[in-house]
Amino acid sequence: MRGRSPKSSYRLSWMTFSEPHPPTAGQLPAALARRFGGRGDVFSAMDRAKADARRRHGHQLIDLSLGCTDQPPPPQVMRAIVQQLGQRSSAAYCLHAATRPLRARAAAWIRRRFGVVADPDTQVLLLVGSQEGTAHFPLAVLEPGDHALLLDPGYPSHLGGLQLASARIQRLSLEPEDGWRPPFASLSHGERESLRLMVFGFPHNPTATVGSQDWLDEAMAMASRHEILVAHDNPYVDLALEGEAPCLLRSPGWQERGIEFFSFSKSWCMGGFRIAFAVGATPLIQALQQVKGWIDFNQSLAIQAGAMVALDNLEDWPAHLRSLYRRRRDHMAQALATAGWPMAPRPMALYLWDHLPRAAGAMDSLSFCLELVRDTGVALTPGSGFGTAGRHHVRLALVAEEPRLTEAAQRVGAWLKART
Ligand SMILES: Cc1ncc(COP(=O)(O)O)c(C=O)c1O
């Protein structure tokens, strides 16, 4: 049983909340700091640096640090949302039963897309974003101190969810030399036996690796042998530029121990609308539904109306995003190479991910990104925000038009040249 901190530390640390910047993890109340360690520091440091850079560079700030597209959602989706928005029901709380139409559409999409049958009543759940789902899921299935496997680097909500649930986290480092393939085979028998949950997702943010069905099959086979639950986050299922995105629902065993998270944010550019869904084993869906029942009232029916149009009529729409991101990727890789920082094109849309340039010298990824945005007004994401395995890498999101990407590459190139 962990000891509780004295109440006075709460009083002292809460006082820091009145400061102009958000607290760093070191300033958090003891209970939160114990759970979250230093994880928030990278993103809040970048947030502050971007705010300073915005003051200094004004609209010259080029923010390539967020995986939030600059593209609008499909017009058909917007029309459906606007039409439904005027209905009183769109402003009301939405209980689980009222999400049935969306769950049915999700199940139909799963069937067409992957040839998998899922029951909309027991195996599908509406989410307020896949971030929300992956962050809450561990609370639904873990006891404090349960062991859970996490990829490093990995998406922050996967770590945050495990920390919220007070899990004991076992990190599995991904290596560029292995093509970022998770080395499941490196886990000892004892480690496998101790695991209760594995959380990961391919196509993978931040490494922009598509992954392969074999990798998921391997994970699922291990999970079945050792009675481990598997949570697979799949918001980029439509954004593989090379190869095919894997899908947990195609791996045998998901109906016993798997749950997969899909999102409207990336495929249909609806990130700000906060809508997603999970498909998985009935007990896992029920457990997550119960946790969410204490936390939210689902998404507005207006947003659900837009999402249903996307699933019903716009299954092929993400193809145009793939062409757009492929063009931007190739353009930016070329522009950066010309600027003296060759970054290899990645097989997944939306991101470039590579080592820091040689001119960074001994800097880690956070110092590099902080100095870069301060001096040039170009914001990238430090790889360390995704785990220690990312500390010598940066991520660049392809969320600006080509001329703006060229401008970013030129500014970065001039800055690097001045340092050598
Ligand atoms: C792996 C991963 N999961 C989840 C999310 C968030 O998705 P949503 O907008 O559905 O919450 C992102 C966003 O970048 C992501 O990269």
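By class, the shell around the ligand comprises three nonpolar, nine polar and one charged residues (Ala, Val, Leu, Ile, Met, Phe, Trp, Tyr, Cys and Pro count as nonpolar, Asp, Glu, Lys and Arg as charged, and the others, Gly among them, as polar). The model is predicted: local features need pLDDT of at least 70, side-chain atom pairs count only at pLDDT 80 or more, and totals for chains, interfaces and linings use all residues. Residues are numbered from 1 along each chain as its sequence is written. The ligand is surrounded by 13 residues, the closest being Gly129, Gln131, Asn205, Ser263 and Ser265; a residue is near a molecule if its C-beta atom, placed from the backbone, lies within 6 Å of it.

Strands (E, at least two residues) and helices (H or I, at least four) are DSSP runs, numbered from the N terminus, and two strands pair if DSSP finds at least two bridges between them. Strand S3 (residues 147-152) pairs with S4 in the parallel sense over six bridges; leucine 149 has glutamine 170 in S4 as its bridge partner.

Helices H14 (residues 365-376) and H15 (residues 402-419) pack at an angle of about 110 degrees, with their axes 10 Å apart (axes are lines fitted to C-alpha atoms, for helices over the stretch in contact, and angles run from 0 to 180 degrees between N-to-C directions). H14 is therefore roughly perpendicular to H15, a term covering angles of 65 to 115 degrees.

Conventions. Angles under 35 degrees count as roughly parallel, over 145 as roughly antiparallel, 65 to 115 as roughly perpendicular and the rest as oblique.
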